[in-house]
Amino acid sequence: MPAIAEFEATARERLDPAHYDYFAGGAQEEITLRENEEAYKRLRLIPRVLRGSDKRDLSVELLGTPSSMPILVAPTAFHRLAHPDGELATARAAARAGTIMIVSMASTTAIEDIAAAAREVTPDPGLWFQLYLQPDLEFTEAIVRRAENAGVKAFVVTVDSPVLGRRERDDRNAFHDLPAGLFVENLRNIGENRSGGNTSHVREIVMSAGLNWDHIAWLRSKTKLPVLIKGVLHAEDARLAVHHGVAGVVVSNHGGRQLDTVPATIDVLPEIAAAVGGAVPVLLDGGIRRGTDVVKALALGADAVGVGRPVVWGLAAGGREGVSAVLDLLRADFDQALALCGGRHPADLTPDQVRR
């Protein structure tokens with residue numbers, strides 16, 4: 001089975017160069033983008049032996065949502081740039097893998113259609129919804145209701161984007177708008193005909209520098225579903241999240257796409273896990289490319305990890321089958337690494353098994 005790098009190479013051949021750069025690129029000098037992967041290479045695994053386990057159980061449950069493995073589909077925008085089937089293909093592949101897909105608010109397919117595609121595979125798919133809280137709270141609430149009605153099981157609020165990071169590849173390519181015929185369908189006004197009609201009613205995502213904990217409290221008052229926050233890098237913010245009743249935190253630097261020179265997520269994970277103290281689940285994304293990366297993240301305190309770009313590379317390389325191949329590869333790679341570390345279940349991994 002090809003490695004993730006081979007899927008990326010195929011995707012690069014097939015994608016419009018500007019679209020490849022959009023998915024692959026990061027902020028400014030892309031220091032954090034590179035560091036997300038490089039940081040894993042500085043970590044060494046210390047296996048345990050003679051633990052007498054010939055069968056492994058990779059499954060986890062996160063906030064009431066079961067997953068066949070602790071490897072989730074992280075939210076990424078604009079899947080129809082990668083393949084005509086876009087998020088429909090990704091949803092079917094995630095459902096086939098039995099894992100959680102965190103649907104991006106900036107998807108090029110409406111949440112209702114994504115959920116319907118996932119239900120073609122399994123009657124109760126694990127779908128969460130990534131949300132940018134908009135200054136227009138009435139419109140934000142309408143999006144929340146749409147997602148709830150579609151059957152999502154949690155909301156993941158991105159909190160690391162008070163303004164949009166400067167992505168110099170996009171500037172060089174003058175790529176700042178979707179091509180004709182593609183829209184951010186979850187921002188289409190409620191009641192608008194998704195198959196046609198006046199496209200002027202599709203709003204743009206507004207980054208809000210005024211976002212604060214009161215907005216998180218507002219969202220929690222509007223939904224009974226768990227609310228996680230995504231984009232936590234400072235331990236004190238993790239402590240505040242628990243204090244403010246957040247259901248989970250996602251250690252994320254937005255794939256290196258927002259503030260350049262912030263640390264790799266794996267480097268700050270231990271202090272955030274310590275700050276949370278097991279009160280809520282801790283997820284991590286950024287730089288996961290191998291099963292050994294997953295093992296290191298779980299050993300250092302993550303309950304699960306999210307993968308973004310690898311899923312896009314699989315999608316561009318082969319549609320649903322490509323995404324399935326990427327998820328199958330990561331599952332098999334993680335299973336092997338877990339076995340070699342002497343583990344039967346993800347919870348068996350411990351911090352003393354990772355050394356710098």
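Reader: Hi! What does Asp335 count as at 21% relative accessibility?
Author: Asp335 counts as partly exposed, the class between buried (under 20% relative accessible area) and exposed (over 50%), computed with a 1.4 Å probe on protein chains only. This is a predicted model, where local features need pLDDT of at least 70 and side-chain atom pairs count only at pLDDT 80 or more, while totals for chains, interfaces and linings use all residues. Residues are numbered from 1 along each chain as its sequence is written, and side-chain values use heavy atoms, leaving out hydrogens and water.

Reader: Which side chain meets Asp335 in a salt bridge?
Author: That's Arg56, at 2.8 Å from N to O; a salt bridge here puts a side-chain nitrogen of Lys or Arg within 4 Å of a carboxyl oxygen of Asp or Glu. Asp335 sits in helix α12 (residues 309–340) and Arg56 in the loop between β1 (44–45) and β2 (60–62), 279 residues apart. Helices (H or I, at least four residues) and strands (E, at least two) are DSSP runs, numbered from the N terminus.

Reader: Nice. How many salt bridges by this rule?
Author: The count is 21. Another of them pairs Arg169 with Asp21 at 3.1 Å, N to O. Arg169 belongs to helix α7 (residues 168–173) and Asp21 to helix α2 (residues 17–24), so this pair ties together parts 148 residues apart in sequence.

Reader: Is Asp21 buried or exposed?
Author: Asp21 is buried, at 18%, and Arg169 counts as buried too, at 17%.

Reader: Switching topic: what does Arg289 touch?
Author: Leaving aside residues up to four places away in sequence, Arg289 touches Ile4, Glu37, Arg309, Pro310 and Leu330, where contact means heavy atoms within 4.5 Å.
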